[in-house]
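User: I would like to learn how to read local features from a protein model. Could we go through some examples in turn?

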Amino acid sequence: MSDVKKIATRESYGIALAELGRGHHDVVVLDADLAAATKTGIFKKLFPDRHIDCGIAECNMMGVAAGMAAAGAVPFASSFAMFAAGRAFEQVRNSIGYPKLNVKIGATHAGISVGEDGATHQCNEDIALMRTIPGMVVINPSDDIEAKAAVKAAYNHKGPVYLRFGRLPVPVINTGKDYAFEIGKAVELRPGKDVAIIASGLTVSESLETAEKLAEYGIDAAVLNMHTLKPLDKKAVLDAAEKTGKIVTVEEHSVIGGLGSAVCDVIAQKGLAAKVVKIGIQDTFGESGPALELIRKYGLDSDSIYSKIKVFLS
């Protein structure tokens with residue numbers, strides 16, 4: 001996909017906020033001294049009176065967002081995933097989740113692809129954390145088009161939403177005329193009968209490449225873009241499991257508590273005999289290095305996914 005246009009979803013987040021701000025005067029954007037990195041600076045330039053820099057105080061920022069939501073605004077609280085989900089977890093849980101306030105959390109720089117920032121900033125646990133909060137919607141878009149659609153959908157949803165964005169530019173893949181984003185509704189990007197690959201975030205484009213390589217080997221692989229981790233599209237999971245009997249989940253997140261765990265929960269609850277392989281960060285911290293090299297080292301590139309699926313099917 002080297003010739004495909006690539007855009008970082010954090011960039012899409014900033015653009016989508018600006019578009020949203022033009023038509024909705026109740027949108028307020030908060031950041032924690034990271035407007036340039038999270039791209040909320042795009043909104044700030046257009047609507048300085050509706051942008052609040054809370055400083056390097058993410059926990060306080062979540063409290064401010066909660067108060068603004070209680071007063072009728074629709075705040076988008078923005079920071080790196082490590083700080084939004086990790087450092088401020090208690091405030092997100094107690095001040096936003098518990099009272100079911102209408103706060104949207106824009107978490108950028110998620111996953112191993114943060115690259116040179118290293119293990120302290122490579123948040124591979126945020127989806128697991130946010131999934132445990134009752135009523136929290138969790139979305140991990142796969143590209144620019146989906147990221148922008150997710151921001152609008154989050155605004156229209158009444159209640160807390162966690163939006164996960166990346167630092168690394170990724171291929172724009174959702175270009176079909178029939179593409180439509182709906183919270184909790186997976187998108188089948190490719191049908192298949194031999195194995196179903198269920199992916200989210202930047203691994204969706206890698207999974208599509210993997211399916212093309214598998215096809216050359218005579219393996220018909222379905223690819224599902226599971227952009228919403230909660231609520232999960234259970235029907236899509238069950239249909240894929242019943243059709244293929246073999247599921248491979250791929251995520252730029254720990255295999256503990258993320259997409260793979262959510263899919264396994266659904267299959268186990270239904271009592272299906274489908275086999276599942278979880279590809280993701282295997283109970284380890286990341287390390288500092290170029291993003292693309294880290295993606296390869298931790299087995300999230302199409303070649304690595306291809307090799308693991310070949311072993312699985314053999």
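User: Which residue follows H9, and what is its phi?

Analyst: One caution: this is a predicted model. H9 is followed by glycine 218, and phi of glycine 218 is positive, near 90°.

User: Which residues other than glycine have a positive phi, for instance near 55°?

Analyst: Lysine 100 is one of them, with phi near 55°. Lysine 100 sits in the loop between helix H6 (89-97) and S5. Histidine 109 also has a positive phi, of about 55°, although it is not a glycine. The loop that holds histidine 109 runs between S5 and H7.

User: Is histidine 109 buried or exposed?

Analyst: The idea is to compare relative accessible area with a cut-off: buried means under 20% and exposed means over 50%. Histidine 109 has a relative accessible area of 3%, so it is buried. Lysine 100 has 64%, so it counts as exposed.

User: How many residues of H9 are buried?

Analyst: H9 is mostly covered, with 10 of its 14 residues buried. Among them are Thr203, Val204, Leu208, Ala211 and Leu214. The list also includes Glu206 and Glu209.

User: What covers the buried residues of H9?

Analyst: The cover includes strand S8 (170-171), strand S9 (187-190), strand S10 (195-199), strand S11 (221-225), strand S13 (246-254) and helix H13 (302-313).

User: And what do the buried residues of H11 pack against?

Analyst: They pack against helix H7 (126-131), S10, strand S12 (228-230), helix H10 (234-244), S13 and strand S14 (275-281). The buried residues of H11 are Leu259, Gly260, Ser261, Ala262, Val263, Val266 and Ile267.

User: Which residues does valine 266 touch?

Analyst: For contacts, set aside residues up to four places away in sequence; valine 266 then touches Leu232, Lys234, Val237 and Leu238. Valine 266 and leucine 238 are 28 residues apart in sequence, and their C-alpha atoms are 7.5 Å apart in space. Valine 266 has a relative accessible area of 7%, so it is buried.

User: Which residue caps the N-terminal end of H8?

Analyst: Look for a side-chain oxygen beside a backbone nitrogen at the helix end. Aspartate 143 is the cap: its side-chain oxygen lies 3.3 Å from the backbone nitrogen of isoleucine 145. The buried residues of H8 include Asp144, Glu146, Val151 and Tyr155.

User: Which residues does a cis peptide bond join?

Analyst: Omega is the angle to read. The bond between lysine 230 and proline 231 is cis, with omega about 0°. Proline 231 is placed in the loop between S12 and H10.

User: How many cavities of 30 Å³ or more does the structure hold?

Analyst: Rolling a probe the size of a water molecule over the atoms shows where empty space is left. The structure holds 1 cavity of 30 Å³ or more. The largest cavity has a volume of about 110 Å³. Of the 14 residues lining the largest cavity, Thr9, Phe165, Gly166, Leu202 and Glu252 are the closest to its centre. The lining divides into 6 nonpolar, 6 polar and 2 charged residues.

How values were computed: Residues are numbered from 1 along each chain as its sequence is written. This is a predicted model: local features need pLDDT of at least 70, side-chain atom pairs count only at pLDDT 80 or more; totals for chains, interfaces and linings use all residues. Side-chain values use heavy atoms; hydrogens and water are left out. Buried means under 20% relative accessible area, exposed over 50%, partly exposed in between (1.4 Å probe, protein chains only). Helices (H or I, at least four residues) and strands (E, at least two) are DSSP runs, numbered from the N terminus. Contact means heavy atoms within 4.5 Å. On a 1 Å grid over the protein atoms alone, a cavity is a set of points where a 1.4 Å probe fits but cannot get out, and a pocket is an open set with protein on both sides within 12 Å along at least five of seven lines; lining residues have an atom within 4 Å of a point. Grid points are joined across faces, edges and corners, and a volume is the space filled by probe spheres set on the points. Ala, Val, Leu, Ile, Met, Phe, Trp, Tyr, Cys and Pro count as nonpolar, Asp, Glu, Lys and Arg as charged, and the others, Gly among them, as polar. A polar contact is a pair of N or O atoms within 3.5 Å; within protein, one must be able to donate a hydrogen and the other to accept it, and residues adjacent in sequence count only if both atoms are side-chain atoms.
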